[in-house]
Each structure stands twice: as C-alpha cells, then as structure tokens.
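Reader: I would like to learn how to read a structure like this one, feature by feature. Could you take me through the interior, the charged pairs and the surface in turn?

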Amino acid sequence: MKKKCVICAEDKNSVVFEEAGIPILKCAGCGHVSSSFEAVNDYDGYFGNRPLSPDAQFWWNEAHDAMYDDFIGKYMAGKSGRLLDMGCGLGYFVKKAASVEGWGAFGCEISKPAADYAREHLSLRNIHCGGVEDSFFDGKSFDIITLWDVLEHIPKPDPPLKRLSLLLKDTGMLFIHTPNVKIQLAKAKMKKSLMGMRPDIHYLEPKDHLNIYSAQSLRTLLNRNGFPKISFIHLKPVQSVAGSKNRLLRLVKNLWFYSSSVLFRATFGRINAANLFAVAMK
C-alpha cells in the first residue's frame with residue numbers, strides 16, 4: 001500500500017495489523033509503524049462537538065494524577081518558569097502545573113469543546129484554542145513544553161515540532177508521552193489472538209493513533225526538528241486500564257510498570273517495555 005513514511009519518506013511498506021478495516025503499516029525503509037487512515041493535521045473532533053460533562057474528570061484527572069505528580073516532582077518542584085501544554089485537552093495538567101509555586105502554565109488545544117471545558121469548569125484563562133502553529137505565544141518564552149498523548153494523533157508532526165522548537169528557550173525542555181510500538185503492537189496481536197476483534201476492546205485505534213513510535217523513530221523525528229539531546233525516562237502509569245476503575249487491572253498495570261522500570265535500568269535503557277517518556281533538549 002502506497003503511503004509516504006513521516007520518518008524516512010519511503011513509500012514501500014507492509015501490513016502488520018488491521019483494525020476496523022484499516023491497515024496498519026510498517027515502513028520498509030525504517031520500520032516506523034503508522035495507520036493508513038487519512039486524517040488532517042488540524043482535526044478537532046477527538047472530544048466531539050458537544051459541551052463536555054464534569055464526569056469526564058475521572059480519566060483525564062484522577063487516573064492521570066500520579067503520573068502528573070511524578071513529572072512535577074522531577075522537573076518542576078523547587079524551580080520556576082513558564083510551561084506550555086500542547087494538546088492540553090480538558091486542562092487538568094495545566095491546572096495542576098499552575099498550582100506549582102513559581103510556575104505560570106498555559107495550554108494549547110485545538111478542540112473547542114475541550115478548551116471551553118478548561119475555561120468554564122477549571123477556570124483556566126491561559127488556553128489558546130487552535131493549533132500551536134497559529135498561536136500567539138512569543139518565541140523562546142517557555143522553559144518546559146509538554147505533549148501528553150498528543151504526538152500519536154498528528155499525521156504530519158514536523159510543522160508543530162518546528163514551532164515548539166521556536167517557542168522553547170535554548171535551555172528549555174520538551175517532554176513527550178506517547179505509546180511505544182514495541183509494546184502496543186504486541187499487545188494488539190495478543191488481544192486479537194485471545195479474544196478476536198471486538199468493538200469493545202482497544203487495539204491500536206487507527207483512526208486516532210496515526211503514528212505509533214519506537215524510541216528510534218521518535219529520536220529521529222526530534223533530532224531533525226531541533227532537538228539533538230534525547231533521553232527516555234519512566235513515570236508512573238495512568239491509574240486505569242481503558243477507563244476502568246477495576247482495582248485488579250490497576251494492580252497488574254502497576255506491577256508491569258515496576259518490572260519494566262527495573263528492566264530498563266538493568267539494561268541501561270536498551271529494553272523499554274513501557275510507554276515512551278521522552279525528554280528532549282536543544
């Protein structure tokens with residue numbers, strides 16, 4: 001199937017998975033995995049077109065709280081500066097970051113219902129509704145820029161990453177959290193083998209997750225957009241499995257996290273069995 005790879009521009013590939021009639025492709029040149037679903041960079045329908053209910057807070061707030069606290073403890077506590085959360089969704093991380101002493105926090109969100117939620121339910125005023133490329137932010141004005149589960153949704157990641165490089169101070173940090181193809185593809189195949197293809201199960205979500213990165217492909221992408229210094233870390237996982245409040249599932253997820261963290265350290269970062277948490281510097 002013809003599709004130009006966003007990492008190496010090769011247009012030869014093979015199908016490695018299929019979901020909802022959509023082939024998932026692996027590049028013959030560099031191995032990058034992407035969805036064949038045709039999407040636009042400024043897609044704003046992820047949160048739908050209706051006003052959002054405060055009930056949405058469990059997944060976007062409670063379930064993410066431990067991961068956000070882990071990040072803040074490592075990179076914000078005891079420091080000061082300005083933070084931009086690109087693709088800030090409902091704004092819960094912006095609100096938490098703004099509560100850290102010495103920090104100003106801003107959000108950028110393309111979905112109007114999500115941006116409205118952040119303003120109306122969380123009383124956030126520093127939210128730009130639109131793409132980061134047309135944002136009003138000044139160049140070299142941020143100490144930290146975060147993308148929490150955003151990059152995989154963007155079909156052509158170079159333009160926003162170039163813009164983020166310009167917005168970040170020379171001493172600043174770009175942080176990215178995104179699924180790890182080494183784990184996600186294997187999990188999807190295992191689920192399909194054990195349970196078949198079912199509409200109530202998350203596999204690779206090809207209409208939403210358009211690019212599924214490995215550490216290597218993410219490093220290549222970031223290097224060419226002005227970030228030569230890349231490292232990978234581990235943070236606590238989202239405290240839920242596919243939105244469930246089941247305690248057993250959460251226990252299993254946390255055991256996997258601690259095991260993968262030990263493996264990551266023991267192999268000096270060569271084996272990463274968790275999501276990708278990338279720290280990028282200029």
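Reader: Which residues touch the most other members of the largest nonpolar core?

Author: A nonpolar core is built from buried residues joined through their side-chain atoms. In this predicted model, the largest such core holds 35 residues, and F71, M76 and F175 touch the most other members. At least two residues each are supplied by helix 2 (65-75), helix 3 (92-98), strand 5 (103-109), helix 4 (112-121), strand 7 (142-148), strand 8 (168-178) and strand 11 (276-281). Helix 2 gives the most, with five residues.

Reader: How many salt bridges does the count come to, and where do D70 and K74 lie?

Author: Side chains of opposite charge can pair when their charged atoms come close. Here the count comes to 11 salt bridges. One of them joins D70 to K74, with the closest N and O atoms 3.0 Å apart; both residues lie in helix 2, four residues apart, which is about one turn of the helix. D70 counts as buried because its relative accessibility is 16%, under the 20% limit, whereas K74, at 41%, counts as partly exposed.

Reader: What separates D116 and R119 in helix 4?

Author: D116 and R119 are three residues apart in helix 4, so about one helical turn separates them, and the closest N and O atoms of their salt bridge are 3.6 Å apart. D116 is buried at 19% relative accessibility, while R119 is partly exposed, with a relative accessible area of 29%.

Reader: Which parts does the pair of K282 and D170 tie together?

Author: The salt bridge between K282 and D170 has its closest N and O atoms 3.7 Å apart. Because K282 lies in the segment after strand 11 and D170 in strand 8, this pair ties together parts that are 112 residues apart in sequence. K282 itself counts as partly exposed, at 21% relative accessibility. Elsewhere, salt bridges that share partners join D65, D69 and K96 into one network.

Reader: Turning to the surface, which residues gather in a patch of negative charge, and which make the nonpolar patch?

Author: The negative patch gathers D42, D44, E133 and D134. D42 is found in the loop between strand 3 (33-35) and helix 1 (57-62), and counts as exposed because its relative accessibility is 52%, over the 50% limit. The nonpolar patch, of about 400 Å², is made by L248, L251, V252 and L255; among them, L248 is found in helix 8 (residues 247-266) and is exposed, with a relative accessible area of 58%.

Definitions and conventions
Residues numbered from 1 in each chain as written. Predicted model: local features only at pLDDT ≥ 70, side-chain atom pairs only at ≥ 80, totals over all residues. Heavy atoms only, no water. Patch = residues over 30% accessible without salt bridge, like charges linked within 9 Å, V, L, I, M, F, W, Y side chains within 5 Å. Areas by Shrake-Rupley, 256 points an atom, 1.4 Å probe, with all protein chains shown as cover. Salt bridge = Lys/Arg side-chain N within 4 Å of Asp/Glu carboxyl O. Lys, Arg positive; Asp, Glu negative; His and termini not counted. Charge placed at Lys NZ, Arg CZ, Asp CG, Glu CD. Buried < 20%, exposed > 50% of the residue type's maximum accessible area, 1.4 Å probe, protein only. Core = buried A, V, L, I, M, F, W, Y, C linked by side-chain atoms within 4.5 Å.
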